[in-house]
Amino acid sequence: MKLLVDAGNTAVKMLLANASGELHAVGLQEVPWPHVEEVLVSSVADSSALTQVLAIAAANGKTVHRACTSSHWRQLECAYPNFQTLGIDRWLAVIAGYSENPEGNTVVVDAGTALTIDVINDNHQHLGGYILSGLKLSEQSIVNRAQNVFSVEGLSAHPRPGDSTPAAVKNGAFIGALGAIEYALNQCGGASTKLLITGGDGLSLHMHLPHSTYRPHLVLEGLLKWREGSEIA
């Protein structure tokens, strides 16, 4: 059994992976440490929560492997000449997407604080991607800089025209994200392209992209694949 840890900008998420690769969410106090073989970590930001997880792992004598971006993974080639500058969360999501569709075109979307879109072609090439403001960040940037524009808590984003200023701002951010994703899809082959979406706002976007697949644990799926394909002893 492996403990998978995803330390993002705002939270730390953990899953247990059994020998069959099945994933189960777990809290820190629920980790069955005697049965954990190793700890795999994807970290874009150090935090007190991550430090606590690592300290408990060390106290239980567990080996910790922190994932890092590389120029390639198996046949998959990273688009970045300076591959070290590609965020590990993006790289792991790309690995997960590629693993699911290695012979086809794939677009991977992570809708979190930032909205990232990565493109993989049918020749095992990561072509790079796009980084946009996430839905909340896009909304806040307008509210913070434009007079008489404000937001209201509790509104749901929708692609229809907003019937108030807060709804117009929120829905504008939403269609901006949808439009960016659809543009990337069209650049990559259109309807034949596999579209995988993850992240905190991923489900709401998925609901309006009929050919998409929502995968809430895509980064951690990629972390497990990274370990399987790595050269770590």
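A cavity, as the word is used here, is a set of grid points among the protein atoms where a 1.4 Å probe fits but cannot get out. In this predicted model, a search of the whole structure finds 1 cavity of 30 Å³ or more, and the largest cavity has a volume of about 30 Å³.

**Cavity**
- The largest cavity is lined by R90, A93, V94, V108, V109, D110, T116 and D118, and when these lining residues are sorted by class they comprise 4 nonpolar, 1 polar and 3 charged.
- Three elements, namely α2 (88-100), β8 (106-111) and β9 (114-120), each contribute at least two residues to the lining of the largest cavity.

**Helix packing**
- Two packed helices are described by the angle between their axes and the distance between the axes.
- For α2 and helix α6, which spans residues 218-229, the angle is about 75° and the axes are 7 Å apart; α2 and α6 are therefore roughly perpendicular to each other, because angles of 65 to 115 degrees count as such.
- On the α2 side the contact is made by D89, L92, A93, I95, A96 and S99, which meet L218, V219, E221, G222, L223, K225 and W226 of α6.
- By class, this contact of α2 with α6 holds 8 nonpolar, 2 polar and 3 charged residues.

**Salt bridges**
- The structure holds 10 salt bridges, and one of them joins the side chains of K2 and E38, with a distance of 2.8 Å from N to O.
- Since K2 belongs to strand β1 (residues 2-7) and E38 to strand β4 (residues 38-43), the pair ties together parts that are 36 residues apart in sequence.

**Backbone**
- R74, a residue other than glycine, has a positive phi near 50°, and R74 is placed in the loop between β6 (72-73) and β7 (76-77).
- H124, likewise a residue other than glycine, has a positive phi near 65°, and H124 is found in the loop between β9 and β10 (126-133).

Methods. Residues numbered from 1 in each chain as written. Predicted model: local features only at pLDDT ≥ 70, side-chain atom pairs only at ≥ 80, totals over all residues. Heavy atoms only, no water. 1 Å grid on protein atoms, 1.4 Å probe; cavity = no way out; pocket = protein on both sides within 12 Å on 5 of 7 lines; lining within 4 Å. Points joined across faces, edges and corners; volume = space filled by probe spheres on them. Helix = DSSP H or I, 4+ residues; strand = E, 2+ residues; numbered from the N terminus. Nonpolar A, V, L, I, M, F, W, Y, C, P; charged D, E, K, R; others polar. Axes fitted to C-alpha atoms, helices over the stretch in contact; angles between N-to-C directions. Parallel < 35°, antiparallel > 145°, perpendicular 65-115°, else oblique. Contact = heavy atoms within 4.5 Å. Salt bridge = Lys/Arg side-chain N within 4 Å of Asp/Glu carboxyl O.
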